[in-house]
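Please read it alongside the sequence and the coordinates.

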Amino acid sequence: MARILPSDLSTEKIVLGLAINDDKMANIILANLNIDDFANENMQNRIIFEAIKRIKDRHMPIDFTTVSTELNVMKQYENVGGYNYLFELSEGALATTNVDFYINNLRDFTLLRKFITTVENIKKEYDEKDIVDINEFITKSSEAINDVAKNRRIRGFKKTEELATEIANEIIKRVGGDSSTLPGISTGFSCLDNITGGFKRGELIYLAARPSVGKTTFALNLCYNVAKNSGRPVIVFELEMGADELIKKLLASQAMVDYGNINRGYVSEKDKLKIKSTAEDMAKIPLYINDSTVTSIDTVLAASRKIKDELGDLALIMIDYIGILADPINKNKNSSRENDISSYSRKLKELALELKCPILCLSQLARRVESRDDRRPELSDLRESGSLEQDCDKAILMYRPAYYENQGISIKGGKYGSKFKDKKDNNLSINEQRAVTTTEGGGDIVELNLAKNRNGQTGTTTVLFLKNYGRFVVPSSKTQESLEKFAKD
């Protein structure tokens with residue numbers, strides 16, 4: 001015998017009574033409820049609701065008489081209890097002040113019934129089918145449950161009065177008295193923050209460049225900055241290299257020790273002390289690296305939810321990179337690579353909204369960039385899927401002309417300044433100033449083009465890449481002005 005799903009008969013009766021007694025109230029109820037909000041077990045209430053809806057669909061007023069007449073037309077008048085039951089509904093719902101409470105109560109029970117049904121279906125599938133891929137089964141089950149949980153949020157509306165008060169209080173609480181206050185979390189690069197406003201909760205941000213331009217190193221610098229400055233967890237999904245290699249890069253970057261020397265096994269006593277001190281500082285930073293060889297979108301989604309439950313409010317999630325994710329659900333199917341990437345992108349945007357934190361996802365740029373005279377990327381160059389451009393809230397395109405010049409490639413028919421050599425920049429530390437004057441570790445000029453910003457302005461800024469150390473730095477405003485001339489060439 002099937003178990004009866006939960007419902008609230010008394011609230012169903014009050015809601016129907018309110019609709020019968022007041023035509024305007026009927027409009028509110030019909031705008032917020034549907035027939036599924038009345039339990040199958042309370043069939044007479046479902047029939048009466050359907051009668052009310054049919055009357056309204058014909059733009060007729062709702063009252064005791066029109067509802068009775070419609071039930072007769074439907075040949076359901078006696079089945080619902082006739083005059084006595086309709087009178088009971090009308091008499092039991094004289095007050096109208098708590099209609100929102102009654103509506104929300106019915107929707108909560110609808111959500112509960114759907115949740116129980118979903119769980120029972122999951123159990124039935126487990127009992128009746130062979131579970132070949134456990135991770136896939138868990139992922140699909142979790143998504144089914146999440147779909148139920150999202151319904152209540154999607155269906156709800158708030159009055160502008162409520163929203164205005166809520167958001168005004170947030171602004172007053174957050175925004176300071178100077179122009180440096182950001183609506184989002186700081187990237188640690190002030191020049192980038194000035195045009196992005198920081199990375200905001202629920203945003204999907206794509207950082208894109210051609211291979212070897214430095215996007216992983218830049219993203220790693222950014223993640224370290226966010227974790228250090230916010231004190232909140234930052235999660236890195238590194239799908240191309242191991243966690244040990246990433247930590248070496250971070251140590252070189254933060255300690256200002258030549259990364260090549262570390263790899264060659266040559267580190268001076270002075271550098272060893274710098275590395276030791278930096279490691280002690282890094283141990284205090286809430287940065288978490290996942291370098292699992294299982295590179296599926298399902299793994300990223302499940303691991304992100306799990307670590308959110310364990311660590312609480314996340315500052316940022318970084319994924320390197322979307323192009324090498326492999327979705328087990330799409331294996332052995334005739335699904336194009338473009339469709340796969342589109343699916344991943346939508347899931348990542350949904351995850352950002354669900355976890356209420358920004359997601360920074362790295363992406364390659366299409367090869368057609370190389371066919372342009374200046375090799376400067378454009379938004380349409382996002383590789384493999386137009387949905388990346390559509391789904392993201394922000395898209396940052398990296399451009400490092402020195403990368404091409406180092407290969408002897410002429411840009412715009414001739415070489416022009418791709419490195420910054422002037423050490424007189426107050427924004428740079430002594431070690432950074434020293435680095436930009438050396439031949440091997442010179443400061444490569446890197447253009448960051450915020451090509452899309454859903455909720456703000458777009459624009460371009462520049463940073464310096466001290467590639468020997470894997471470190472990106474922000475030049476002073478004076479230096480920035482001189483570099484802007486380069487960006488406009």
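Lys 53 is partly exposed, with a relative accessible area of 36%; buried denotes under 20%, exposed over 50%, and partly exposed the range in between (1.4 Å probe, protein chains only). The side chain of Lys 53 forms a salt bridge with that of Asp 57 at 3.2 Å, N to O, a salt bridge being a side-chain nitrogen of Lys or Arg within 4 Å of a carboxyl oxygen of Asp or Glu. This is a predicted model, in which local features need pLDDT of at least 70 and side-chain atom pairs count only at pLDDT 80 or more, whereas totals for chains, interfaces and linings use all residues. Residues are numbered from 1 along each chain as its sequence is written, and side-chain values use heavy atoms, with hydrogens and water left out.

**Salt bridges**

- The structure holds 14 salt bridges.
- Lys 53 and Asp 57 both belong to helix α3, where they stand four residues apart, about one turn of the helix; helices (H or I, at least four residues) and strands (E, at least two) are DSSP runs, numbered from the N terminus.
- Asp 57, the acidic partner of Lys 53, is partly exposed at 48% relative accessibility.
- A salt bridge also joins the side chains of Lys 56 and Asp 23, at 2.9 Å from N to O. Lys 56 lies in helix α3 (residues 43-57) and Asp 23 in helix α2, so this pair ties together parts that are 33 residues apart in sequence.
- Within that pair, Lys 56 is buried at 18% relative accessible area, while Asp 23 is partly exposed at 25%.
- The side chains of Lys 349 and Asp 393 meet in a salt bridge of 2.7 Å, N to O. Because Lys 349 is in helix α15 and Asp 393 is in the loop between α16 (387-391) and β6 (394-399), the pair ties together parts that are 44 residues apart in sequence.
- Lys 349 is buried, with a relative accessible area of 18%, and Asp 393 is likewise buried, at 5%.
- Arg 54, Arg 58 and Glu 70 are linked in a network of salt bridges.

**Nonpolar surface patch**

- Leu 112, Phe 115 and Val 119 make a nonpolar surface patch of about 230 Å².
- Patches consist of residues with over 30% relative accessible area and no salt bridge, with like charges joined within 9 Å and nonpolar side chains (Val, Leu, Ile, Met, Phe, Trp, Tyr) within 5 Å. Accessible areas come from the Shrake-Rupley method with a 1.4 Å probe, and for residues only the protein chains shown count as cover.
- Leu 112 is located in helix α6 (residues 99-128) and is partly exposed, with a relative accessible area of 38%.

**Positive phi values**

- Most residues other than glycine have a negative phi.
- Lys 75, a residue other than glycine, has a positive phi near 60°. Lys 75 sits in the loop between α4 (64-73) and α5 (82-91) and is exposed at 70% relative accessibility.
- Lys 356 is not a glycine either, yet its phi is positive at about 55°. Lys 356 occupies the loop between α15 (337-355) and β5 (359-364) and is exposed, with a relative accessible area of 54%.

**Cavities**

- There are three cavities of 30 Å³ or more. On a 1 Å grid over the protein atoms alone, a cavity is a set of points where a 1.4 Å probe fits but cannot get out, and lining residues have an atom within 4 Å of a point.
- The second largest cavity has a volume of about 40 Å³; grid points are joined across faces, edges and corners, and a volume is the space filled by probe spheres set on the points.
- The second largest cavity is lined by 10 residues, of which Arg 210, Arg 375, Met 398, Tyr 399 and Tyr 404 lie nearest its centre.
- The lining of the second largest cavity comprises seven nonpolar, no polar and three charged residues. Here Ala, Val, Leu, Ile, Met, Phe, Trp, Tyr, Cys and Pro count as nonpolar, Asp, Glu, Lys and Arg as charged, and the others, Gly among them, as polar.

**Spatial separations**

- Met 25, in helix α2 (residues 23-32), is buried with a relative accessible area of 8%. Met 25 and Val 15 are 10 residues apart in sequence and 9.1 Å apart in space, C-alpha to C-alpha.
- Asp 281, in helix α13 (residues 269-282), is partly exposed at 41% relative accessible area. Asp 281 and Gln 254 are 27 residues apart in sequence and 9.6 Å apart in space, C-alpha to C-alpha.

Technical notes
On a 1 Å grid over the protein atoms alone, a cavity is a set of points where a 1.4 Å probe fits but cannot get out, and a pocket is an open set with protein on both sides within 12 Å along at least five of seven lines; lining residues have an atom within 4 Å of a point.
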